[in-house]
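Subject: Structure for you to look at

Hello,

Here is the structure I said I would pass on. Please open it and keep it beside this message while you read.

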Amino acid sequence: MVLATLGGVAALFVVAVLGYSLAGTGSKAGEKGDGTRLRSGSRSAALTSPLYVSGTLPRVECRLPKIAEHDDASMLRFLDTLSDCLDQVWERQFAKAGVPGFTAPQRVFWSLPGSSPCGSYPAPGASAFYCPANDTMYVGLSNVVDTAGGEPVSHYAVYARVIAHEYGHHVQEDAGILEYGHELMSAGGTDARTEASRRIELQAQCFAGAFLSAERRTLPITRAQYEAMIADNRARGDDESRPDLRDHGTGRHYAGWVVRGYRHGVLSACNTWTASASDVS
């Protein structure tokens, strides 16, 4: 999910849950709460980013510690290690693509309620979000398990995908893609807003799949792991939502863009901005 300030409304683009929104801060589009600007975006950044021709993501031999049931400390170790791997992978990929300005996001892995520039947490069903106003990922240590439909923690790919997705929004922010999407959303009607949101969310899905693909040697995904991850993503689609809430993609597409990134492993497969509307419905 992305929490972002749009006009006078802080809109929540939810990956894990549906139909949740927050009251706005009054900031202008692309502006942080303190009045400074978010990283600028452009149409070319979204449609023809050098990242798309930068090839496969580098392997960093990521090895994740096991998660224990009902153990926030083990989840914290898992999330920190995974985030360290993501930092290394994406820093190298930006350098390879010749895209300047990448900095690793901040992390808040929480077990107690709190607040961010994008709103308070926890929120109903929302376990993780990225706030571009302060370049920070927020993840609930127990909430990320609670919103995974009862998947056992041994199915670590389910949880790794959630974090890699949120990190994907930071990638979009540093590449100038996210702000372009926000501009489309603020300028258009309901259909334009929800389609732009789907392109944002489904691209983050594909980025997550590409990361898991790059690390498959040290993060092996068994058949059971893979099927659990796909089933979890299908369940998160907004097929049954009202038209104005269909901002994540159908279950088939929400799972399908992860599969696309995982199978192809190259970022050229993740350009949702040139995909047909039927592929991001």
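This is a predicted model: local features need pLDDT of at least 70, side-chain atom pairs count only at pLDDT 80 or more; totals for chains, interfaces and linings use all residues.

Residues are numbered from 1 along each chain as its sequence is written, and side-chain values use heavy atoms, with hydrogens and water left out.

Disulfides

A disulfide here is a pair of cysteine sulfur atoms within 2.5 Å. By that rule there are three disulfides. Counting the bonded cysteines along the chain, they pair as 1-2, 3-4, 5-6.

Two terms are needed before going through them. Helices (H or I, at least four residues) and strands (E, at least two) are DSSP runs, numbered from the N terminus. Buried means under 20% relative accessible area, exposed means over 50%, and partly exposed is in between (1.4 Å probe, protein chains only).

The link of C62 and C85 is right-handed, with 90° about the S-S bond. C62 counts as buried because its relative accessibility is 1%, and C85 is buried too, at 7%.

Another disulfide joins C118 to C131, with 2.0 Å from S to S. C118 lies in the loop between β4 (114–116) and β5 (119–121), and C131 lies in strand β6 (residues 128–131), so the bond ties together parts that are 13 residues apart in sequence. The link of C118 and C131 is right-handed, with 80° about the S-S bond. C118 is buried at 6% relative accessibility, and C131 is buried with a relative accessible area of 0%.

The remaining disulfide joins C206 to C270, with 2.1 Å from S to S. C206 lies in helix α6 (residues 190–214) and C270 in the segment after α8 (251–264), so this pair ties together parts that are 64 residues apart in sequence. Why is the disulfide of C206 and C270 called left-handed? The torsion about its S-S bond is about -70°, and therefore it is left-handed. C206 is buried, with a relative accessible area of 0%, and C270 is buried at 0% relative accessibility.

Helix α8

α8 has 14 residues. From its first C-alpha to its last it reaches 20 Å, close to the 20 Å expected at 1.5 Å a residue; the expected span is 1.5 Å times one less than the number of residues. Which residues of α8 are buried? They are G251, H253, Y254, A255, W257, V258, V259, G261 and Y262. What covers these buried residues includes α4 (156–175), α6 and α7 (223–235), where contact means heavy atoms within 4.5 Å. α8 is followed by G265, which has a positive phi near 70°.

The second largest pocket

On a 1 Å grid over the protein atoms alone, a pocket is an open set of points where a 1.4 Å probe fits, with protein on both sides within 12 Å along at least five of seven lines; lining residues have an atom within 4 Å of a point. The second largest pocket holds about 160 Å³ of space, a volume being the space filled by probe spheres set on the points, which are joined across faces, edges and corners. Its lining is made of R63, L64, P65, K66, I67, F78, V153, S154, Y156, T218 and L219. These divide into seven nonpolar, two polar and two charged residues. Ala, Val, Leu, Ile, Met, Phe, Trp, Tyr, Cys and Pro count as nonpolar, Asp, Glu, Lys and Arg as charged, and the others, Gly among them, as polar.

Backbone details

Y121 and P122 are joined by a cis peptide bond, with omega about 5°. P122 lies in the loop between β5 and β6.

E61 is not a glycine, yet its phi is positive, near 55°. E61 lies in the loop between α1 and α2 and is partly exposed, with a relative accessible area of 29%.

D135, also not a glycine, has a positive phi of about 50°. D135 sits in the loop between β6 and β7 (136–140). Is D135 buried or exposed? D135 is buried, with a relative accessible area of 16%.

Regards
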